[in-house]
Number of protein chains: 2
Amino acid sequence: MATYLPKHVKWPHFTLLGLVLAAGLATALKKGEVLDMTYKYDNVTTQRWAGSPAFDLTILQRGPTPSIPWLEMNKFSTAEHFGTHMDAPAHAAKGMWRVDQIPPRNLVGPAVRVDVSAKAAANADYQLSPADLTDWVSANGPIPDGALLFVYTGYGAHWTNRFAYYGYAGEDDYLDADGNSLLHFPGISEAAATWLVDNTQVSGVGIDSASLDYGPSVGFEVHQILLQENIFGLENVANVDLLPTTGATAYALPMKIGDGSGGPVRIIAMLTENADGGSNQLRVDYAALLVVGISIIMKAIL
Amino acid sequence: MATYLPKHVKWPHFTLLGLVLAAGLATALKKGEVLDMTYKYDNVTTQRWAGSPAFDLTILQRGPTPSIPWLEMNKFSTAEHFGTHMDAPAHAAKGMWRVDQIPPRNLVGPAVRVDVSAKAAANADYQLSPADLTDWVSANGPIPDGALLFVYTGYGAHWTNRFAYYGYAGEDDYLDADGNSLLHFPGISEAAATWLVDNTQVSGVGIDSASLDYGPSVGFEVHQILLQENIFGLENVANVDLLPTTGATAYALPMKIGDGSGGPVRIIAMLTENADGGSNQLRVDYAALLVVGISIIMKAIL
């Protein structure tokens, strides 16, 4: 009976396959699920950046009309830079891409999560460091070209609490009389932003706090460093706690505002089709198994 | 070389595989490319639905500031239902999903394109018929569960010409004094909408004209039929001429407006990872073969 097994197929191949499948199943995000990394915009929960015009939804129609049993329609107004939104490169870098000019290919990429939540819990002004990135690479391998890199600070837990989220509850200005920032929340250090520019080909950088630059920033240097390289930003990203460290693909699709400097973005993540990293390899394995399987079945039948 | 090929694998299998791959390569959309199926919103080209508040972008800052060499920021206002936008089920069906309630999984699905462009070119009031759908199924196989179905009328070619696109240039109302519609553009027939509800499990239906219902509609019956089933609509979809008939996956990610009846949506399509058309089917086939293969091997050994 053992003669049905082609002798070059070894048991370790199946054990290995089992391990690969088990690794895929062990992540929080399940195959086929879509992780929504977006907060809704509404008149109550959406916190504007201090000094910015607020989001406002106005109901135009909600009920029956003479011609249709039920009709809902609204209008809304908003500034571009609060809520779960994209900073297009032009936001802080003259001549770089506005939001409608970003190549669509750059809006999709391998999702990379760098976890600094323990450090941010201990220090509201924590800034992602180059060491956080090199440690990540040591543990997980190179940051893939075209990646969307998400900094996980844990600040999503504070989203509905303006004071906890921004470190300051005021809505009209974020600078004191001396021009110093009143805000406290974690961000990215200039050195880490420079490291990303020098060592990776990421398409975008996201964070689950209010800004790429940490709360005390006044000059928004990290914005300048990244956006000057046509790397877009994603701020107030939701559910980063549920994103796996690797193995997912992220889709960050902004509203296509002509000449926009950014704006509302819908971000989702799904497990990458054929598990992380070696997706093509896995497909080759299946194809090889297909050939082997057919040969076994045909031999059994004939 | 031939010695590595299990002897029961016949060359016709590879010929068939080659044909499938060739069919995939013949589409306009290339592997790895992202097709943007979205028009930009701006103050000039975005045509509002007659009677609706218009889109308006206002520049808040575009230039240097005391603290940063370059800063661009804007605010905008818009109604939900023009431009490339989503009709959430609640738009025309009481109690159905509002735009923030649609399960994210429904926003991603196999893209299906039904081409009625020749008929719409001959008749501005053409309505997709059940026969158009059954003919499509005869030629291409079943419409996959969870599909996003796009009706290709060719009206995208008229997008920048309000009169040609709507069949009427007025911006203030679309009904005449007798309550009849002044509009002319192609849409979907009530019978075709009912056929989709009865025979498929599509998640959404898109069209490259101004509405799911054709121009002369006053009661928006097609909206009611589809939205009542929690099937969302996509209107003014761009670049449907470049979408393959099958073989792509579409991502329709709307702005997440709390209690919104719809709104701006960014739609992209990419060739499905595992070749065209029956990608899921193909994967199921592999999985079934894996099970069969393992059972045969175990039977052979035990």
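This is a predicted model: local features need pLDDT of at least 70, side-chain atom pairs count only at pLDDT 80 or more; totals for chains, interfaces and linings use all residues.
**Entry 1: strand S9 of chain A**

I looked up S9(A), residues 204-207. Which way do its residues point? A:Gly204 and A:Gly206 point one way, and A:Val205 and A:Ile207 point the other way. I noted that all are buried. In a regular strand the side chains alternate between the two faces of the sheet.

**Entry 2: its neighbours**

I checked the pairing next. S7(A), residues 148-152, pairs with S9(A) in the parallel sense, over four bridges. A:Val205 is the bridge partner of A:Leu149. S9(A) also runs parallel to S10(A), residues 232-235, with three bridges joining them. There A:Gly206 stands opposite A:Leu234. I followed the chain from S9(A) through helix H6(A), residues 221-227, to S10(A). This β-α-β crossover is right-handed.

**Entry 3: salt bridges**

How many salt bridges does the structure hold over all chains? I found 18. One of them joins the side chains of A:Arg62 and A:Glu72, at 4.0 Å from N to O. A:Arg62 lies in S2(A) and A:Glu72 in S3(A), so the pair ties together parts ten residues apart in sequence. A:Glu72 counts as buried because its relative accessibility is 2%, under the 20% cut-off. A:Arg62, at 31%, counts as partly exposed.

I then looked at A:Arg98 and A:Asp259, whose side chains meet in a salt bridge at 3.4 Å, N to O. A:Arg98 is in the loop between S4 and S5, and A:Asp259 is in the loop between S11 and S12, so this pair ties together parts 161 residues apart in sequence. A:Arg98 is buried at 18%, while A:Asp259 is partly exposed at 32%.

**Entry 4: a network**

Last, I noted a network of salt bridges linking A:Arg62, A:Glu72, B:Arg98 and B:Asp259.

Methods:
Residues are numbered from 1 along each chain as its sequence is written. Chains are lettered from A and ligands numbered from 1 in the order in which they are written. Side-chain values use heavy atoms; hydrogens and water are left out. Buried means under 20% relative accessible area, exposed over 50%, partly exposed in between (1.4 Å probe, protein chains only). Helices (H or I, at least four residues) and strands (E, at least two) are DSSP runs, numbered from the N terminus. Two strands pair if DSSP finds at least two bridges between them. A crossover is right-handed if, with the strands pointing away from the viewer, the path from the first strand over the helix to the second runs clockwise.
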